[in-house]
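Below are some notes for a colleague who is seeing this entry for the first time. Please read them beside the sequence and the model.

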Amino acid sequence: MDSQVLVALALSLVGGFSTSLGALVVVLSEAPNLKMLGLLQGFAAGLMLSISFLDLAHNAINSIGFLKGNLWFFAGVIFFAIIANFIPEPTLAPISDAKSKKKNGDGGGKDTMKKHRRQVLYSGIVTAIGISLHNFPEGMAVFLGSVKGLRVGLNLALAIALHNIPEGVAVALPVYFATQSKWQAFKLATLSGLAEPLGVIIVAYLFPSSLSPEILEGLLGSVGGVMAFLTLHEMLPLAFDYAGPKQAVKAVFLGMAFMSASLYFLEISLPAEMSL
């Protein structure tokens, strides 16, 4: 393997495994109650919406024009709306320990909690899909940055690593709440981060050099559409149900502000001629 690719892979692993740091924050804490989960789901929805509308869709529209950018964006929305119909809802093993029995009670209480856990787990899975799709082009950016020089690649990898920590929280939190398994939460968040080194490998060996920048920007715009659909279809309804509309909306805007600041610091870490 080319030494340049090895360096880019190592740098992308720094960014990819930072999602594991976010997961560690979750698994080292107690599982949240439903209201706190709703607030954190709202915050995670804000992260996703900021990435979708203010980063991916925005860049696509600026690069290939308003009409084409919107067509690619809504193609992603429609594509995943169709795919979502074929994703089975996960089944959950019952939590049999005495503590959970005392919390959930019998009969209807247990059924209600099981339904909540199933909804939240499904939300965690689709969040992991969305974050993975977002991490993939970040891996491509790390490779292109490392081609320009080690300093550029290192600065970019560190910026992405800081940017990925809250994404790890967004993936691990609903999985931990739903399964009560620290390992499952940590594993899924880590796997979503591994999309970053995968992006390095694909752009280095499999990506066709003849692929036009217009198509690439369009595909990233479609990823923005997929993430917007996942957020509005899965994450926001749960946030509204568990935290209430007013509190959930505040959490959404806090998440958007946090991710916008993160994207800004990521952008200024790049050389002038590069862009995510």
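1. The protein chain has ten helices and zero strands, where helices (H or I, at least four residues) and strands (E, at least two) are DSSP runs numbered from the N terminus. Along the sequence the pattern is therefore α-α-α-α-α-α-α-α-α-α.

2. This is a predicted model, in which local features need pLDDT of at least 70 and side-chain atom pairs count only at pLDDT 80 or more, while totals for chains, interfaces and linings use all residues. Residues are numbered from 1 along each chain as its sequence is written, and side-chain values use heavy atoms, leaving out hydrogens and water.

3. Of the 276 residues in the protein chain, 47% are buried; buried means under 20% relative accessible area, exposed over 50%, and partly exposed in between (1.4 Å probe, protein chains only). The protein chain exposes about 13,400 Å², with 69% of it supplied by carbon and sulfur atoms (Shrake-Rupley method, 1.4 Å probe). Among contacts (heavy atoms within 4.5 Å) with a separation of 6 or more, 88% are between residues 24 or more positions apart.

4. The unreviewed UniProt entry lists several stretches as "transmembrane region", including residues 6-29, 69-87 and 156-176. Such annotations may be inferred rather than shown by experiment. In the model, residues 6-29 are 92% helix and 0% strand, with end C-alpha atoms 35 Å apart. Residues 156-176 are 100% helix and 0% strand, and their end C-alpha atoms are 30 Å apart.

5. Helix 3 (residues 66-84) has 19 residues and should span 27 Å at 1.5 Å a residue, which agrees with the 27 Å between its end C-alpha atoms. The expected span is 1.5 Å times one less than the number of residues.

6. Which residues of helix 3 are buried? They are Gly69, Phe73, Gly76, Val77, Phe80 and Ala84. These residues lie on the same side of helix 3, because they cover an arc of only 95° around the axis, taken from the directions from the helix axis to the C-beta atoms. Leu67, Leu71, Ile78 and Phe79, on the other side of helix 3, are exposed.

7. The aromatic pairs number six; rings of Phe, Tyr and Trp (its six-membered ring) pair if their centres lie within 6.5 Å. Phe53, Phe73 and Phe74 are linked into a cluster by ring pairs.

8. Gln180 sits in the loop between helix 6 (150-179) and helix 7 (182-193). Its phi is near 60°, a positive value in a residue other than glycine. Gln180 counts as partly exposed because its relative accessibility is 41%.

Notes:
Rings of Phe, Tyr and Trp (its six-membered ring) pair if their centres lie within 6.5 Å; planes under 30 degrees apart count as stacked, over 60 as edge-to-face and the rest as tilted.
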